[in-house]
Amino acid sequence: MALLKRFLKGGNKGVGLEVCRQLALKGVTVILTARDEKRGKDAAETLRRECQLPNIIFHQLDVRDDDSATTLARYVERRYGKLDILVNNAAISGIVADEEGLKALNIDAETWTSGRAANLLKEVFQNTNDEAFNCLNTNYYGCKRRMPNEKLRNDLSNIDIWDEDRIEAVLDTFLEDLRSGRLEEAGWPVMLPAYSVSKMVINLYTRIMARRYPEMRINCVRPGFVKTDINWNLGVLTPEQGARGPVMLALLPDDGPTGCYFDQTEMVNVW
């Protein structure tokens, strides 16, 4: 398989940084992006210097800012003509956490990832409208397995009824229920609700894009419970382990799967 040449990745730390490193090691030209210009430049320079990877380039990107995205798109078109690979890695948790209280709970990985920690976390997590909106806006406004709302779960199985307008209507309903204090009553997830909903819709959007552009390989992947800032470093996998799935999907052949969900490197059916 010929290597793909141009790759765009949000990744100044954690899994994103490791995906950049692994793909650059395979000869891919990587455009590492980050909202914070200094952190992004420092990350790219560290990879170039310590790993001898001159094929890593930095460009600033704030995915919440249309002008920032447009500036980057024009840069890519002017310098490279097009991208061969795009990995969407930007994400925030969408809650305010009492980090010391969270660590004191000493929740094991299995309890955390299964969702059974929801009641324990009520005392250390605070859901606010501002944080929820920022989370949805960053992550794209989780999966079906953590969605208690039965009608929504059933609707997720029928991709033909979904488009961007319907996704945004669901997000508007979620934010209204959050403001009204009705999340649990309305059947939304109670553990990391904004994060879970944002991941649900980005996974759904992935399927919409795969249907719309069948010549592309468009998939979503859960890297696993990786020890990074987004989970307050409570994860159990290393960034190197978490990067395996994204790297595998980034290098799929032209006839590889599309519109699918992967748990690390294994395809699973969650819809």
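The points below concern a predicted model.

1. The packing of helix H9 against helix H10 comes first. H9 spans residues 164-179 and H10 spans residues 193-212; their axes lie 10 Å apart and meet at an angle of about 175 degrees. Because angles over 145 degrees count as roughly antiparallel, H9 is roughly antiparallel to H10.

2. On the H9 side, the contact is made by Glu 164, Ile 167, Val 170, Leu 171 and Phe 174. H10 contributes Pro 193, Ala 194, Val 197, Met 200, Val 201, Leu 204, Tyr 205, Ile 208, Met 209 and Arg 212. By class, the residues of this contact comprise 13 nonpolar, no polar and 2 charged. Glu 164 of H9 and Arg 212 of H10 are the charged residues, since Glu and Arg belong to that class.

3. The structure as a whole holds 16 salt bridges. The points that follow treat pairs located in helix H2, which covers residues 37-50.

4. Lys 41 pairs with Glu 37, and the closest N and O atoms of this salt bridge are 3.3 Å apart. Both residues belong to H2 and are 4 residues apart, about one turn of the helix. Lys 41 is partly exposed, at a relative accessible area of 43%, and Glu 37 is likewise partly exposed, at 40%.

5. A salt bridge also links the side chains of Asp 42 and Lys 38, with an N to O distance of 2.7 Å. About one helical turn separates these two residues, because they are 4 residues apart in H2. Asp 42 has a relative accessible area of 37% and is partly exposed, whereas Lys 38, with 59%, is exposed. The assignment of Lys 38 follows from the cut-off, because exposed means over 50%.

6. Glu 45 and Arg 48 form a further salt bridge through their side chains, at 3.1 Å from N to O. Glu 45 counts as partly exposed at 34% relative accessibility, and Arg 48 counts as partly exposed at 29%.

7. Which residues are joined with Glu 45 and Arg 48 into one network? Arg 49 and Glu 50 are, through salt bridges that share partners.

Methods: Residues are numbered from 1 along each chain as its sequence is written. This is a predicted model: local features need pLDDT of at least 70, side-chain atom pairs count only at pLDDT 80 or more; totals for chains, interfaces and linings use all residues. Side-chain values use heavy atoms; hydrogens and water are left out. Axes are lines fitted to C-alpha atoms, for helices over the stretch in contact, and angles run from 0 to 180 degrees between N-to-C directions. Angles under 35 degrees count as roughly parallel, over 145 as roughly antiparallel, 65 to 115 as roughly perpendicular and the rest as oblique. Contact means heavy atoms within 4.5 Å. A salt bridge is a side-chain nitrogen of Lys or Arg within 4 Å of a carboxyl oxygen of Asp or Glu. Buried means under 20% relative accessible area, exposed over 50%, partly exposed in between (1.4 Å probe, protein chains only).
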